[in-house]
Amino acid sequence: MASLDSLDALLEDELRDIYDAEKRISKALPKIMKKATSRELKQALGEHLQQTAQHVERLEQAFG
């Protein structure tokens with residue numbers, strides 16, 4: 001882990017953690033959707049997956 005001796009370093013570290021979490025969710029949601037039996041639940045998970053993809057894209061822009 002990098003030294004977190006400034007607010008910028010702390011922010012970057014936190015954003016990297018969030019990015020990692022969003023990427024993991026992106027991988028997990030399709031698997032969960034396959035197992036879901038409720039049409040409404042599958043739809044809600046699909047919407048969440050779309051939102052997660054947007055979050056990943058925005059984080060990648062922030063790091064770019």
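Modeller: Let me start with accessibility: a residue is called buried under 20% relative accessible area, exposed over 50%, and partly exposed in between, with a 1.4 Å probe and protein chains only. By that scale Leu49 is partly exposed, at a relative accessible area of 24%.

Colleague: Fine, and what kind of model is it, and how are things counted?

Modeller: This is a predicted model, in which local features need pLDDT of at least 70 and side-chain atom pairs count only at pLDDT 80 or more, while totals for chains, interfaces and linings use all residues. Residues are numbered from 1 along each chain as its sequence is written, and side-chain values use heavy atoms, with hydrogens and water left out.

Colleague: How many helices and strands are there in the chain?

Modeller: The chain has 2 helices and 0 strands, where helices (H or I, at least four residues) and strands (E, at least two) are DSSP runs numbered from the N terminus. The radius of gyration, taken over C-alpha atoms, is 15 Å, well over the 11 Å that the globule rule (2.2 Å times the number of residues to the power 0.38) gives for 64 residues, so the chain is more spread out than a compact globule.

Colleague: And what does the C-alpha trace span along its principal axes?

Modeller: The C-alpha trace spans about 50 × 20 × 15 Å along those axes, and 14% of the 64 residues count as buried.

Colleague: At what angle do the axes of helix 1 and helix 2 cross?

Modeller: The axes of helix 1 (residues 7–35) and helix 2 (residues 39–63) cross at roughly 150° and come within 9 Å; axes here are lines fitted to C-alpha atoms, for helices over the stretch in contact, and angles run from 0 to 180 degrees between N-to-C directions. That makes helix 1 roughly antiparallel to helix 2, since angles over 145 degrees count as roughly antiparallel, under 35 as roughly parallel, 65 to 115 as roughly perpendicular and the rest as oblique.

Colleague: Which classes of residue make up the contact of helix 1 with helix 2?

Modeller: That contact has 13 nonpolar, 5 polar and 7 charged residues, with Ala, Val, Leu, Ile, Met, Phe, Trp, Tyr, Cys and Pro counted as nonpolar, Asp, Glu, Lys and Arg as charged, and the others, Gly among them, as polar.

Colleague: Back to Leu49, then: what does it touch?

Modeller: Leaving out residues up to four places away in sequence, Leu49, which lies in helix 2, touches Ser26, Leu29, Pro30 and Met33, where contact means heavy atoms within 4.5 Å.

Colleague: Is Thr52 buried or exposed?

Modeller: Thr52, whose place is in helix 2, is buried, with a relative accessible area of 1%. Not counting residues up to four places away in sequence, Thr52 touches Glu22, Ile25, Ser26 and Leu29.

Colleague: What about Leu45?

Modeller: Leu45 also belongs to helix 2, and at 14% relative accessibility Leu45 counts as buried. With residues up to four places away in sequence not counted, Leu45 touches Leu29, Ile32, Met33 and Ala36.

Colleague: Switching to helix 1, are Asp13 and Lys31 buried or exposed?

Modeller: Asp13, in helix 1, is buried, with a relative accessible area of 19%. Lys31 is found in helix 1 and counts as exposed at 59% relative accessibility.
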